[in-house]
Amino acid sequence: MLHRFLIALTAVALAAGPSAAEISDGIIKIGVLNDQSSLYADLTGQGSVVAARMAVEDYGAAAKGLKVEIIFADHQNKPDIGSAVARQWYDADKVDVIVDVPNSGVALAVNQITRDKGKAFLVSGAASSDITGKACSPNTVHWTYDTWALANGTGNAIVKTGGDSWFFITADYAFGLALERDVEAVVLKNGGKVLGRVRHPLNNADFSSFLLQAQASKAKIVGLANAGGDTTNAIKQAAEFGLVKGGQNLAGLLVFITDVHALGLPTAQGLIFTETFYWDMNDRTRAFAKKFAERNRGIHPTMIHAGVYASVLHYLKAVEALKSDEGTKVIEKMKATPTDDVLFGKGTIRADGRKIHPAYLFEVKKPNESKGAWDYYKLRATIPAEQAFRPVDQGDCPLVKK
Amino acid sequence: MIPILGIPPQALFGQLLIGLINGSFYALLSLGLAVIFGLLNIINFTHGAQYMMGAFVAWFLLQYAGLGYWWALLIAPIVVGALGILLERVMLKRLYGLDHLYGLLLTFGLALIIQGLFRNQFGSSGQPYTLPAQLAGGQNLGFMFLPNYRAWVIGFSLTICLATWFVIERTRLGAYLRAATENPTLVQAFGINVPRMITLTYGFGVSLAALAGVMAAPIYQVNPLMGADLIIVVFAVVVIGGMGSILGSIVTGFGLGIIEGLTKVFYPEASNTVIFVIMVLVLLVKPAGLFGRAQ
């Protein structure tokens with residue numbers, strides 16, 4: 001009797017076990033992995049966690065019967081720490097998808113781990129165009145921007161208005177090197193030349209030595225291939241050393257609204273750069289920014305925060321449609337479904353994982369043009385979606401059939 | 001002119017001068033640490049946080065009281081120094097009889113808490129602080145453009161460093177201080193209030209950090225983490241110079257600034273590690289540091 005009972009019990013247990021088309025352990029677990037404490041913390045950090053939470057709420061996950069949990073961690077800009085967290089999350093904590101991951105060094109490591117484990121990776125913070133190039137993966141979507149798009153937007157605009165000789169001040173890791181490479185290609189293609197370059201360690205405080213080398217090069221344009229605190233310090237000290245007064249111009253190749261806020265308009269005015277999102281574009285972005293800022297210490301959303309929001313939203317749509325959170329399948333579904341959200345509008349995701357939407361060339365307002373804090377950009381040009389990113393056949397991504 | 005090691009001499013002079021400027025921050029900060037360690041035997045790990053607080057007080061004064069750079073130069077060291085004195089009275093004085101490690105743990109923990117609170121409140125990208133109008137602009141020296149503010153930083157910090165050295169090594173007050181570190185009981189027997197002297201010394205060391213913070217505010221962003229990265233380098237400077245040696249900390253501060261500056265020309269990728277490489281080499285040859293006395 002007991003024997004039969006046990007067999008029946010086992011049968012019931014087996015029948016109730018997970019099948020392929022189900023959500024693993026009943027919960028969709030999203031891990032936000034980024035810089036929570038250092039130079040990229042304001043432009044990603046807790047803001048990205050807030051953005052992910054807002055996406056889950058706005059999607060109405062609870063009402064649709066989806067249980068979603070969000071956790072976050074600080075990778076301290078170290079690939080080894082980021083990798084350890086990613087493994088722990090996938091193996092032990094049942095995380096289904098990792099999002100954000102600024103710092104291309106860390107992102108490339110997480111990209112490989114995600115692929116090995118068959119999970120899903122939504123990149124917003126990292127910039128290297130290698131993520132959808134040589135290192136492209138069937139488990140990764142690169143949402144917001146990349147170094148190619150920045151080079152194409154800002155580099156083109158500057159070279160075409162006469163800035164044809166360049167000196168690079170580059171952050172010495174995957175991101176800086178990729179950005180320098182992609183901008184250099186644009187400069188050379190348009191008939192410009194590169195007179196020199198210097199590579200500085202990540203999170204460097206004093207740029208005077210590098211600025212002096214840039215001045216000595218006599219290049220018309222000093223390109224800053226760095227981000228966050230490194231960029232703000234370099235711009236501030238360039239003003240001190242009279243770089244612009246000496247007839248040279250600065251090109252901030254990756255500038256976020258939080259950087260402009262930190263510099264203040266008197267120092268930042270006139271900077272030209274490329275972004276894919278600005279909070280003050282239309283009523284929907286303004287409504288989002290208002291809600292976001294209330295929950296994020298008044299800090300307005302950067303394009304990275306916007307990308308986290310939109311990519312999580314699209315991920316949830318794919319999971320609901322599939323009724324499964326199996327990483328490889330969800331990413332496949334995300335690529336097959338056109339995207340549509342309030343921040344980036346309608347778009348698509350290519351086979352190489354590249355999300356396609358327009359990019360914008362912005363100029364920082366003069367202090368007298370700004371109505372107050374966070375009113376910083378004016379639009380100079382819109383780069384249409386089909387021109388904003390590297391053509392799919394030029395990235396050497398093995399997933400793309402030639 | 002003939003290039004030296006592939007670098008034109010103009011560029012080299014420029015880099016030497018830049019090194020000297022950065023060295024003045026190292027010197028000012030390591031001086032404070034050396035004074036505190038020399039007289040209190042406390043390894044003051046909150047020094048970086050106190051440097052950051054100095055910069056923030058300057059920012060507060062400008063933002064909320066409309067008081068500019070020159071007032072900040074006076075008020076910030078007093079405010080942060082007073083907080084330091086409070087810290088010494090309430091917490092540090094209980095640790096004098098114990099191993100160095102306790103002081104290190106306490107001050108390190110405090111530094112993390114202070115930095116965390118500031119970061120939570122003000123974010124990580126920092127607040128802008130503009131150059132004082134009187135020191136804007138710069139001079140063209142022929143081989144480089146020297147911003148007036150940087151020239152001021154060198155001159156002012158050198159003055160402060162030498163004045164401190166003079167007071168401690170050449171005056172009666174300094175003699176009391178040095179005697180009190182050697183043998184507090186004996187000095188107290190002469191009717192000198194040693195605990196008060198120690199408290200004030202700590203306050204002074206902390207003020208030096210705050211002063212450096214105010215001087216750094218127009219160059220770097222006023223950032224909650226500005227001290228966290230610097231403090232490790234400054235400790236290396238103190239260790240190379242010899243723990244507690246006043247002159248050692250000044251000379252090594254400026255010297256290492258120059259070496260770091262040169263590294264930024266010849267091999268920039270190593271510019272944030274070169275000081276630690278030197279530290280290892282010095283400790284292998286002279287474990288007490290360049291100017292330190294073996295105990």
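Tutor: Start with Arg295(A), which is partly exposed, with a relative accessible area of 38%; buried means under 20%, exposed over 50%, and partly exposed in between (1.4 Å probe, protein chains only). The model is predicted, so local features need pLDDT of at least 70 and side-chain atom pairs pLDDT 80 or more, while totals for chains, interfaces and linings use all residues. Residues are numbered from 1 along each chain as its sequence is written, chains are lettered from A and ligands numbered from 1 in the order written, and side-chain values use heavy atoms, without hydrogens or water.

Student: Which residue forms a salt bridge with Arg295(A)?

Tutor: Side chains of opposite charge can pair when their charged atoms come close. Here Glu57(A) is the partner of Arg295(A), with the closest N and O atoms 3.0 Å apart; the rule asks for a side-chain nitrogen of Lys or Arg within 4 Å of a carboxyl oxygen of Asp or Glu. Glu57(A) sits in helix α2 (residues 45-59) of chain A and Arg295(A) in helix α11 (residues 283-295) of chain A, so the pair ties together parts that are 238 residues apart in sequence. Helices (H or I, at least four residues) and strands (E, at least two) are DSSP runs, numbered from the N terminus. Glu57(A), with 46% relative accessibility, is partly exposed.

Student: How many salt bridges does the structure hold over all chains?

Tutor: The total is 25 salt bridges over all chains. One of them joins Asp130(A) to Arg181(A), at 3.1 Å from N to O. Asp130(A) lies in the loop between β4 and β5 of chain A and Arg181(A) in helix α6 (residues 174-189) of chain A, so this pair ties together parts that are 51 residues apart in sequence.

Student: How do the accessibilities of Asp130(A) and Arg181(A) read?

Tutor: Asp130(A) counts as buried at 16% relative accessibility, whereas Arg181(A) is partly exposed at 35%. In another pair, the side chains of Arg286(A) and Asp280(A) meet at 2.7 Å, N to O. Arg286(A) has a relative accessible area of 33% and is partly exposed; Asp280(A), at 27%, is also classed as partly exposed.

Student: Which residues are linked in a network of salt bridges?

Tutor: Glu180(A), Glu184(A), Arg197(A) and Arg199(A) make up such a network.

Student: Next, the disulfide. Which residues form it?

Tutor: A disulfide is a covalent bond between the sulfur atoms of two cysteines. The structure holds one over all chains, found by the rule that the sulfur atoms lie within 2.5 Å. Its partners are Cys136(A) and Cys397(A), with sulfur atoms 2.0 Å apart. The torsion about their S-S bond is about 80°, so the disulfide is right-handed. Cys136(A) lies in the loop between β4 (120-123) and β5 (140-142) of chain A and Cys397(A) in the segment after α14 (385-388) of chain A, so the pair ties together parts that are 261 residues apart in sequence.

Student: Are these cysteines, Cys136(A) and Cys397(A), buried or exposed?

Tutor: Cys136(A) is buried at 2% relative accessibility, and Cys397(A) is buried at 6%. In chain B, Cys161(B) is buried with a relative accessible area of 0%.

Student: What does Leu343(A) touch?

Tutor: Contact means heavy atoms within 4.5 Å. Setting aside residues up to four places away in sequence, Leu343(A) touches Phe277(A), Thr285(A), Phe288(A), Ala306(A) and Tyr309(A). Leu343(A) is in the loop between β11 (339-341) and β12 (345-349) of chain A, and at 7% relative accessibility it counts as buried. The C-alpha atoms of Leu343(A) and Tyr309(A), 34 residues apart along the chain, are separated by 8.5 Å.

Student: How much area do chain A and chain B bury between them?

Tutor: The size of an interface is often given as the accessible area lost when the parts come together. Chain A and chain B bury about 2,600 Å², 49% of it on carbon and sulfur atoms; the value uses a 1.4 Å probe and is summed over both parts. The contact takes 31 residues from chain A and 35 residues from chain B.

Student: How many salt bridges are counted between chain A and chain B?

Tutor: Three salt bridges are counted between chain A and chain B. Arg150(B) forms a salt bridge with Asp206(A), the closest N and O atoms being 3.2 Å apart. On the side of chain A that touches chain B, β7 (193-200), α7 (208-217), α8 (229-240) and α9 (257-263) of chain A each supply at least two residues. α7(A) gives the most to that side, with six residues.

How values were computed. Buried area is the accessible area (1.4 Å probe) that two parts lose on being put together, summed over both.
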